[in-house]
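Student: Could you take me through one part of this protein slowly? I would like to look closely at its sheet.

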Amino acid sequence: MFRAAKDAVAGKSAKIYLNDLLSRYGRLEELRIDSKRGSMELTCLLHGETKPLSIEVGKYTIEQQGETRLLRLAECRCERVWVQNLLADFAEKKTFPLPSWAAAALS
């Protein structure tokens, strides 16, 4: 129960952070984090699109590199083929630096 509450709070904070990063492309409408399973579900509305799209991150891990915490994504899935291909090319198995609060929330 505590983990679910922590994930909900982390999701709200991360949504604000990610919306700032993604504003050029659209907006993140919903973010669900399951830190126990290490997975996420995102719903985005991209500019020029009329329907939101869903992205599932089947697995994420947090890694340490010196003083920096990194997010590594795996098993990304999207129903739109072009987005699936973008995820495969630019997100899966890549690392992204995390603010310290986000690394703590996702662990």
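In what order do the five strands form the open sheet, and is the pairing parallel or antiparallel?

Tutor: Happy to! This is a predicted model, where local features need pLDDT of at least 70, side-chain atom pairs count only at pLDDT 80 or more, and totals for chains, interfaces and linings use all residues. Residues are numbered from 1 along each chain as its sequence is written, and side-chain values use heavy atoms, leaving out hydrogens and water.

The order is β1-β2-β3-β4-β5, and the pairing is antiparallel. Strands (E, at least two residues) and helices (H or I, at least four) are DSSP runs, numbered from the N terminus; two strands pair if DSSP finds at least two bridges between them. Because β1 (26-34) and β5 (95-97) stand at the edges with a single partner strand each, one side of each has no neighbour in the sheet. On average, neighbouring strands are turned by 35 degrees against each other, direction ignored.

Now follow β1 to its partner. Eight bridges join β1 to β2 (residues 39-46) in the antiparallel sense; aspartate 34 has serine 39 in β2 as its bridge partner.

Next, find helix α2 (residues 81-90), which lies across β2, β3 (53-65), β4 (68-78) and β5. Here contact means heavy atoms within 4.5 Å. Helix α2 runs at about 150 degrees to β4, where axes are lines fitted to C-alpha atoms, for helices over the stretch in contact, and angles run from 0 to 180 degrees between N-to-C directions.
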